[in-house]
Amino acid sequence: MKEHDCSPLTDFIEYPAEEMLSRSADFYDNIKRRHSIRKFSDRPVAREVIENCIKAAGTAPSGANHQPWQFVAISDPEIKRQVREQAENHERGFYSGRAGEEWLEALKPLGTDDQKPYLEIAPWLIAIFSEKKGGITKGEENTNYYVHESVGIATGFLINALHNAGLATLTHTPKPMSFLNKICQRTDNERAYMLLIAGYPADDATIPHHATVKKSLDDIATFL
């Protein structure tokens, strides 16, 4: 490596081989309990919990460490109402034919439609935005690199953190999502990436059988 300003790695923890295996299995057992749900409770969730989860997302690796993301955490009922109204408006066009027959057929086993009441019911919506320009310090306007990949990794961290905290989640990507820029008062430098719903599951929450089918290790991995 070329010379650069750096510090020694001091917080890495190495586990004995047996514990490493046990921890990897425990993590798999925990994360496979995460399910996308579409029926949320209106039970409140402390802002501090959401803050900690967003801070965890902010530790994700990114191109040149520019951290090209913004998280807008929404709990205000009026703003959630606006999000639902706009999202359902776009979804009506999607489900009435804009998506195409193949896509709609693929969605049938999930039972989804243009009605999104959870956007108002769940205590938190987290709108995730990617930034075209930025830098390691807020206010910079340098080119950001690997933006899509970086924001995707950070979003994965956020979903994992929310699950680890004991919350249920749902990823939502209405097309187009530009209405989120207006509602959340974001600049043209930012592009809506995903809407994440977070909260407690409703008592009658369900999981589509289709969503429980996961590919085997042999189907998703190759060891060389």
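**Entry 1: the whole chain.** What percentage of the 224 residues of the protein chain count as buried? I found 35%, where buried means under 20% relative accessible area, exposed means over 50%, and partly exposed lies in between (1.4 Å probe, protein chains only). A note to myself on the source: this is a predicted model, in which local features need pLDDT of at least 70 and side-chain atom pairs count only at pLDDT 80 or more, while totals for chains, interfaces and linings use all residues. Residues are numbered from 1 along each chain as its sequence is written, and side-chain values use heavy atoms, with hydrogens and water left out.

I then listed the elements, and the protein chain has eight helices and six strands. Helices (H or I, at least four residues) and strands (E, at least two) are DSSP runs, numbered from the N terminus. Read from the N terminus, their order is α-α-β-α-α-α-β-β-β-α-β-α-β-α. The C-alpha trace spans about 55 × 45 × 40 Å along its principal axes. I also looked at contacts (heavy atoms within 4.5 Å). Among those in the protein chain with a separation of 6 or more, 79% come from residues 24 or more positions apart.

**Entry 2: the sheet.** Next I traced an open sheet of four strands, in the order β1-β2-β6-β5, with antiparallel pairing. Two strands pair if DSSP finds at least two bridges between them. The edges are β1 (69-74) and β5 (168-172); each has a single partner strand, so one side of each is left without a neighbour in the sheet. On average, neighbouring strands here are turned by 25° against each other, direction ignored.

β1 pairs with β2 (residues 124-131) over six bridges, in the antiparallel sense, and A73 has I126 in β2 as its bridge partner. β5 and β6 run antiparallel and are joined by five bridges, with T169 bridged to A198 in β6. β5 is mostly covered, as four of its five residues are buried.

**Entry 3: helices on the sheet.** Which strands does helix α3 lie across? I see α3 (residues 77-98) across β1, β2, β5 and β6 (190-199), running at about 110° to β1. Helix α6 (residues 147-165) packs on the sheet too, touching β1, β2, β5 and β6, and its direction makes about 10° with that of β6. For these angles, axes are lines fitted to C-alpha atoms, for helices over the stretch in contact, and angles run from 0 to 180 degrees between N-to-C directions.

**Entry 4: α1 meets α6.** The axes of α1 (residues 17-31) and α6 come within 11 Å and cross at roughly 85°. The two helices are therefore roughly perpendicular to each other (65 to 115 degrees; under 35 is roughly parallel, over 145 roughly antiparallel and the rest oblique). F27, N30 and I31 of α1 make the contact with N160, H163 and N164 of α6.

**Entry 5: a record and a residue.** UniProt, in an unreviewed entry, lists residues 31-200 for "domain: Nitroreductase"; such annotations may be inferred rather than shown by experiment. This span is 41% helix and 19% strand, and its end C-alpha atoms lie 16 Å apart.

Last, I looked at D5, in the segment before α1. Is D5 buried or exposed? D5 is exposed, with a relative accessible area of 77%. Its C-alpha atom is separated by 30 Å from that of N189, 184 residues apart along the chain.
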